[in-house]
Amino acid sequence: MKCPKCDSQMTEVAADYGRTVERCDGCGGLFVNRTALDRFERNWLFGRKSSSDSVDSGDPKVGEQYDKIREIDCPVCGVRMEKISDHHQPHIWLEECPKCHAVFFDAGELTDLRYETFADWIRDFLKGRQKSSG
């Protein structure tokens, strides 16, 4: 599978409960199916440490640069992914496939979802929600 942001190869990485995610060998972005993402969120909500914590190992500074790429297609379905913001941390801008509901995270974004800090509140204020081109 090719990365929708930098066109590098994506490699399957083991997560918890037999789940896997695709991690880009170039930019460190993650392509996560909805089932795996729901599992991550449940583990994080209840504070469980898991092997999924090491899945997002890309450089957040690189992720910030690739976050500027606005139009990408789902590497599985080939359809244009929709731009979304996390409900609780709107400074985290993601892309979600309207067909398979998989989500693309730039490097560092999945980890950022887990930890909400005062700096995140400031980023929310400055960056704002993702605006869809529609």
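**Bridges, burial and cores**

Biologist: In strand 5, what is the bridge partner of Ser-85?
Modeller: Trp-93 is the partner. The model is predicted; every value here is computed from it.

Biologist: How do you know that strand 4 and strand 5 pair?
Modeller: Count the bridges. Pairing needs at least two bridges between two strands. Strand 4 and strand 5 (residues 93–96) are joined by four, so they pair. The two strands run antiparallel.

Biologist: Which residues make up the covered face of strand 4, and which the uncovered one?
Modeller: Strand 4 covers residues 82–85. Lys-83 and Ser-85 lie on the covered face. Glu-82 and Ile-84 lie on the uncovered one.

Biologist: Why is Lys-83 called buried?
Modeller: Its relative accessible area is 10%. Buried means under 20%. The value falls under the cut-off, so Lys-83 counts as buried.

Biologist: What makes the link between the side chains of Lys-83 and Glu-71 a polar contact?
Modeller: The distance is 3.1 Å. The limit for the N or O atoms of such a pair is 3.5 Å. The pair is within that limit, so the term applies.

Biologist: In what order do the six strands form the sheet?
Modeller: The order is 1-2-3-6-5-4. The sheet is open, and the pairing is antiparallel.

Biologist: What makes strand 1 and strand 4 edge strands?
Modeller: Each pairs on one side only. Strand 1 spans residues 10–14. From one strand to the next, the twist averages 30°.

Biologist: How do you know that strand 1 pairs with strand 2?
Modeller: Five bridges connect strand 1 and strand 2 (residues 20–24), in the antiparallel sense. The rule asks for at least two, so this is a pair. Within strand 2, Val-21 stands opposite Val-13.

Biologist: Where is Asp-25 placed?
Modeller: Asp-25 sits in the loop between strand 2 and strand 3.

Biologist: Why does Asp-25 count as exposed?
Modeller: Its relative accessibility is 51%. Exposed means over 50%. The value passes that cut-off, so Asp-25 is exposed.

Biologist: Which residues is Asp-25 in contact with, leaving aside its neighbours within four places in sequence?
Modeller: Gln-9 and Thr-11. With Thr-11, the side chains also make a polar contact at 2.7 Å.

Biologist: How many residues apart in sequence are Asp-25 and Gly-58, and how far apart in space?
Modeller: They are 33 residues apart in sequence. From C-alpha to C-alpha the distance is 9.1 Å.

Biologist: Which residues have the most contacts inside the largest nonpolar core?
Modeller: They are Val-21, Leu-30, Val-32, Leu-37, Val-55, Phe-105 and Leu-110. The core has 14 residues. At least two come from each of strand 3 (30–32), helix 1 (34–45), strand 6 (103–105) and helix 3 (109–114).

Biologist: What pattern does the protein follow along the sequence?
Modeller: The pattern is β-β-β-α-α-β-β-β-α-α. That gives four helices and six strands.

Biologist: What share of the residues is buried?
Modeller: Of 134 residues, 44% are buried. The accessible surface comes to about 7400 Å², and carbon and sulfur atoms account for 53% of it.

Methods
Residues are numbered from 1 along each chain as its sequence is written. This is a predicted model: local features need pLDDT of at least 70, side-chain atom pairs count only at pLDDT 80 or more; totals for chains, interfaces and linings use all residues. Side-chain values use heavy atoms; hydrogens and water are left out. Buried means under 20% relative accessible area, exposed over 50%, partly exposed in between (1.4 Å probe, protein chains only). Accessible areas come from the Shrake-Rupley method with a 1.4 Å probe; for residues, only the protein chains shown count as cover. A nonpolar core is a set of buried Ala, Val, Leu, Ile, Met, Phe, Trp, Tyr and Cys residues joined through side-chain atoms within 4.5 Å. A polar contact is a pair of N or O atoms within 3.5 Å; within protein, one must be able to donate a hydrogen and the other to accept it, and residues adjacent in sequence count only if both atoms are side-chain atoms. Axes are lines fitted to C-alpha atoms, for helices over the stretch in contact, and angles run from 0 to 180 degrees between N-to-C directions. Contact means heavy atoms within 4.5 Å.
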